[in-house]
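Open the model in your viewer and keep the selection panel at hand. The tour moves from pockets to cores, then out to the whole chain.

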Amino acid sequence: AFGGLPGLINLAPETLDASKDTQEDPGLPNTEAVISALSGAVTVDYFLPGCPPTQGLLWAALQSLLCEGEAPSRISFAISRLPEAMGLSVSSGLLPPSGSVFGGEKAVCASCSRVKEEKKFSAFQRAYQINPDSGRCLLEQGLICQGLATREGCGGVCTAVGVGCRGCFGKPEAVFDPGGKMVSAISSTFDSADASEIEEISSKFVDLSGTFYRYTLPAQCALMSASVEE
């Protein structure tokens, strides 16, 4: 819905040559200059985020659509698996407005059970390098976790097993630029005020754009372009 992993090719536009007809079948369209989010091509009724969407959320969304106007008892399964605000809407027999995301309004961190202590770290860690503390915030342990810049609704399935959130649910309502949010959060967690040490820590982390916009680059670019035009 937001462009997904294929959208990262927009970071290397030289690999997309719209001037060439790369299709062997003349009935197929030529390659476009950039990859767009789905909403850039068609009007989207509802967004169901996730890579892939969780089984419970997928079934809840389908049940909500098929049972619109039914008694709450008929769609109790859906209501129990939807974020609170959306569940209340569905329980009243009304579907959310067109274009809504079947997910929460807040960030993953808002519903994460891991303890945040505002501790500093001096090095980035990859998942295979450490055995993370099961109760502490992953970001504070040096693992990249995008929970503070990602919409809740997945149930925290990644963070629950010690894997940092990768942002597949897209950004929450209150965040305009998830990449900027993550850069700000990470830089404020460095355990150093020395410029050379900060540069050394930063050098260990590669591909900022590919990491923070892994699933949402086309949608985010369209949003920022629209903001500039306004």
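Start at the second largest pocket, whose lining divides into eight nonpolar, six polar and four charged residues. Here Ala, Val, Leu, Ile, Met, Phe, Trp, Tyr, Cys and Pro count as nonpolar, Asp, Glu, Lys and Arg as charged, and the others, Gly among them, as polar. The volume of this pocket is about 460 Å³. Select Q125, R126, A127, I144 and F205: of the 18 lining residues, these are the closest to its centre.

A note on the source: this is a predicted model, where local features need pLDDT of at least 70, side-chain atom pairs count only at pLDDT 80 or more, and totals for chains, interfaces and linings use all residues. Residues are numbered from 1 along each chain as its sequence is written, and side-chain values use heavy atoms, with hydrogens and water left out.

The pocket search runs on a 1 Å grid over the protein atoms alone: a pocket is an open set of points with protein on both sides within 12 Å along at least five of seven lines, a cavity is a set where a 1.4 Å probe fits but cannot get out, and lining residues have an atom within 4 Å of a point. Points are joined across faces, edges and corners, and a volume is the space filled by probe spheres set on them.

Next, the largest pocket, with about 540 Å³ of space. Pick F2, S39, A219, Q220 and L223, the closest to its centre of 24 lining residues. Now select helix α7, residues 217-229: six lining residues come from it, the largest share. Helices (H or I, at least four residues) and strands (E, at least two) are DSSP runs, numbered from the N terminus.

Which residues have the most contacts inside the largest nonpolar core? Select F124, I144, I186, F190 and F212, from a core of 14 residues. Such a core is a set of buried Ala, Val, Leu, Ile, Met, Phe, Trp, Tyr and Cys residues joined through side-chain atoms within 4.5 Å. Buried means under 20% relative accessible area (1.4 Å probe, protein chains only). Apart from this core lies another, of nine residues, among them A60, A61, M86 and F102.

Now the cavity. The whole structure has one of 30 Å³ or more. Closest to its centre, of 13 lining residues, are Q146, G167, P178, F212 and T216.

Finally, zoom out. The chain has seven helices and two strands, in the pattern β-α-α-α-β-α-α-α-α. Of its 230 residues, 36% count as buried.

Conventions. Buried < 20%, exposed > 50% of the residue type's maximum accessible area, 1.4 Å probe, protein only.
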